[in-house]
Amino acid sequence: MRTCEKLRRIRQHRKMTQKELGDAVGLTANRIAQYEMGYREPKAPLLEKMAEALRVSKLALLEPNAGNLGSVMETLFWVEEEMPGVFHFTTIEFDDPDRAQDTSPYADCDAPLHGDLTIPMRFAPPTVLWTENGLLDKFFRKWGEMQAALYHGEITREQYFEWKLCWPDKDAV
């Protein structure tokens, strides 16, 4: 979702008029309308002022950055706003203590969330994201199959990347 759409939806959720938001950040209602229509893009300092005025994280207004896990989370939050109830979560507890450790390829690293904030990935039971949306579930399943093929050496990293670049056109579902 684009910043302009997020800005409008959050402002409306806060029951603020464009004039009220403009007054809070030192702009006219017309300028806020231009940002909400996508005619103008607010620069970082203005986005921070808007986020403060709207009482949200500045991440909530940014457009996705795939290299940032905080941005990925914001993207999933907005997907859920568009399709309420699409995601479900559960945590897997292992009966066998030897399986309690994360055995993924990334088990020995920390995950960068945003800036200097990291989340240790060791020794935590995995949380599973699932959906009852048949099409999205089909997409996830195929992605899982391709990822497993990569981890088991059945395809190369280059082939895996090529599959993602061509999705959904090349046997993606």
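The side chains of Arg141 and Asp137 meet in a salt bridge, with N and O 2.5 Å apart; the term denotes a side-chain nitrogen of Lys or Arg within 4 Å of a carboxyl oxygen of Asp or Glu. Both residues belong to helix 6 (residues 134–151), where Arg141 and Asp137 are four residues apart, about one turn of the helix. Helices (H or I, at least four residues) and strands (E, at least two) are DSSP runs, numbered from the N terminus. An α-helix has 3.6 residues a turn, so residues three or four places apart point the same way.

Arg141 is partly exposed, with a relative accessible area of 48%, and Asp137 is also partly exposed, at 26%. Here buried means under 20% relative accessible area, exposed over 50%, and partly exposed in between (1.4 Å probe, protein chains only).

## Basis of the model

The structure is a predicted model, in which local features need pLDDT of at least 70 and side-chain atom pairs count only at pLDDT 80 or more, while totals for chains, interfaces and linings use all residues. Residues are numbered from 1 along each chain as its sequence is written, and side-chain values use heavy atoms, with hydrogens and water left out.

## Overall architecture

The protein chain has seven helices and four strands. From the N terminus on, the order of these elements is α-α-α-α-α-β-β-β-β-α-α. Of the 173 residues in the protein chain, 25% are buried.

Contacts, defined as heavy atoms within 4.5 Å, can be considered by separation along the sequence. Among the contacts with a separation of 6 or more, 53% are between residues 24 or more positions apart.

## Other salt bridges

The count of salt bridges comes to seven. One of them joins Lys19 to Asp23, with the closest N and O atoms 3.0 Å apart. Lys19 and Asp23 both lie in helix 2 (residues 18–25), at a spacing of four residues, about one turn of the helix. Both Lys19 and Asp23 are exposed.

Glu48 forms a salt bridge with Lys58, the closest N and O atoms being 3.7 Å apart. Glu48 lies in helix 4 (residues 44–54) and Lys58 in the loop between helix 4 and helix 5 (69–82), so this pair ties together parts that are 10 residues apart in sequence. Glu48 is partly exposed at 42% relative accessibility, and Lys58 is partly exposed at 41%.

## Nonpolar cores

A nonpolar core is a set of buried Ala, Val, Leu, Ile, Met, Phe, Trp, Tyr and Cys residues joined through side-chain atoms within 4.5 Å. The largest has 16 residues, and those with the most contacts inside it are Leu7, Ile10, Leu21, Val25, Met50, Leu54 and Leu61. Two or more residues of this core come from each of helix 1 (3–13), helix 2, helix 3 (29–37) and helix 4. Helix 4 gives the largest share, six residues.

A second, separate core of six residues includes Met146, Ile155, Tyr160 and Trp163.

## Leu61 and Thr3

Leaving aside neighbours within four places in sequence, Leu61 is in contact with Thr3, Lys6, Leu7, Ile10, Leu47, Met50, Ala51 and Val56. Thr3 lies in helix 1 and is buried, at 5% relative accessibility. The side chain of Thr3 reaches the backbone oxygen of Leu61 at 2.8 Å. With neighbours within four places in sequence again left out, the contacts of Thr3 are Glu41, Pro42, Leu47, Leu61, Leu62 and Glu63.

## Helix 5

The expected span of a helix is 1.5 Å times one less than its number of residues. For the 14 residues of helix 5 this gives 20 Å, which agrees with the 20 Å between its end C-alpha atoms.

Gly70, Ser71, Glu74 and Trp78 are buried in helix 5. These residues cover an arc of only 95 degrees around the axis, which puts them on the same side of helix 5; the arc is that of the directions from the helix axis to the C-beta atoms.

## Gln34 in helix 3

Gln34 is located in helix 3. Its C-alpha atom is separated by 8.7 Å from that of Cys4, although Gln34 and Cys4 are 30 residues apart along the chain. Leaving aside neighbours within four places in sequence, Gln34 is in contact with Tyr39 and Arg40.

Notes
Polar contact = N/O pair within 3.5 Å; in protein donor to acceptor, adjacent residues only side chain to side chain.
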